Amino acid sequence: MKTCGLYIHVPFCPQICPYCAFASVAGRLESQHAYTEAICREIEAGPHLSGPLQTVFFGGGTPTQVEPRLLAQMLTTAKSHFGLAENVEITIEANPGTVDREKFAGLRALGCNRISIGAQSFNDADLKLLGRIHSVDDIDRAFCAARASGFENVSLDLIADMPGVSQTHWRHSVDRAIDLAPEHLSVYSLTIEENTHFATRRREGRLSKVPDDQQADTLKWTAERLRAAGYEHYEVSNYARPGYRSLHNWGYWTGATYLGVGLGAH
């Protein structure tokens with residue numbers, strides 16, 4: 001099914017993770033009102049897409065750091081300019097360390113119906129290696145809070161192939177994610193991008209490289225494990241229960257019309 005989508009990039013983060021190469025800023029929350037105004041102007045200046053939006057995706061950064069009323073302002077502008085389909089899929093990415101039941105309830109009230117939680121790992125030592133601000137307990141709390149707030153479409157992100165992390169740790173993370181029974185899972189191999197702290201550590205010999213064959217074995221095992229658990233491997237890094245593909249991301253792969261707005265949307 002061809003879709004028409006809008007991607008809104010929100011760059012604000014509690015901190016910059018050592019592996020992250022996305023356009024993002026740590027703190028600077030005093031700029032979120034001006035940034036929202038800029039997003040709305042960019043939407044209003046954009047082309048009229050063919051038909052109402054069937055998907056909207058708030059990516060980051062950490063969109064859940066922005067006040068819900070500002071996210072609502074962006075959505076209202078998008079609805080006014082493009083229109084929203086009756087069954088529009090509205091996704092927002094969330095950091096487990098920045099959300100609670102009240103925050104999720106606010107997001108649900110403004111129209112978000114799909115949450116993508118950046119779990120990354122279910123081992124606290126691995127989260128520390130990644131420079132994440134959350135713990136495994138935070139992931140569990142965030143997932144339960146999303147469910148309690150009425151979200152019936154929840155995705156979890158996991159990062160595979162971290163240097164020095166055992167296969168036992170990785171398989172534990174996958175199994176813990178399956179235990180929570182999310183509708184969707186995204187599994188990404190860690191890549192060392194230029195101009196990141198990890199790239200500096202790699203050059204200085206303080207971060208090892210995971211052999212290609214080991215990465216291949218990890219992803220092969222992961223695909224088999226998730227398929228056995230009832231997830232469809234519908235795209236390179238993404239798995240979904242039947243009927244729960246990310247319509248927005250699937251649109252990228254199938255030639256959908258979409259518009260990206262914001263600092264890093266290009």
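**Close-up views of cavities and a pocket**

**View 1. The second largest cavity holds about 40 Å³ of space.** This view comes from a predicted model. Look for Thr3, Gly5 and Thr55, which line this cavity together with His248, Gly251, Tyr252, Ala256, Thr257 and Tyr258. Two elements, α9 (247–253) and β11 (257–261), each give at least two residues to the lining of the second largest cavity. Of these, α9 brings the largest share, with three residues. Sorted by class, the lining of this second largest cavity has three nonpolar residues and six polar ones, and no charged residue.

**View 2. The largest cavity has a volume of about 70 Å³.** How many cavities of 30 Å³ or more are there? The count is two. In the largest cavity, the lining includes a run to follow by eye: Ile159, Ala160, Asp161 and Met162. Val165, Ser166, Gln167 and Trp170 also line the largest cavity, and Gln214 and Thr218 complete the list. The elements that supply two or more residues to this lining are β7 (154–160), α6 (167–180) and α8 (212–228). By class, the lining of the largest cavity comprises five nonpolar residues, four polar residues and one charged residue. If you wonder how such spaces are found, rolling a probe the size of a water molecule over the atoms shows where empty space is left.

**View 3. The second largest pocket has a volume of about 360 Å³.** Strand β5 (residues 84–94) gives the largest share of the lining of the second largest pocket, namely three residues. The pocket lining divides by class into seven polar, five charged and four nonpolar residues.

**View 4. Confidence across the predicted model has a mean pLDDT of 93 for the protein.** A pLDDT of 70 or more is reached by 99% of the residues. Where is confidence lowest, and where is it highest? The lowest value belongs to strand β3 (residues 25–26), with a mean of 85, and the highest to strand β10 (residues 238–240), at 98.

Methods
Residues numbered from 1 in each chain as written. Predicted model: local features only at pLDDT ≥ 70, side-chain atom pairs only at ≥ 80, totals over all residues. Heavy atoms only, no water. 1 Å grid on protein atoms, 1.4 Å probe; cavity = no way out; pocket = protein on both sides within 12 Å on 5 of 7 lines; lining within 4 Å. Points joined across faces, edges and corners; volume = space filled by probe spheres on them. Helix = DSSP H or I, 4+ residues; strand = E, 2+ residues; numbered from the N terminus. Nonpolar A, V, L, I, M, F, W, Y, C, P; charged D, E, K, R; others polar. pLDDT = per-residue confidence, 0-100.
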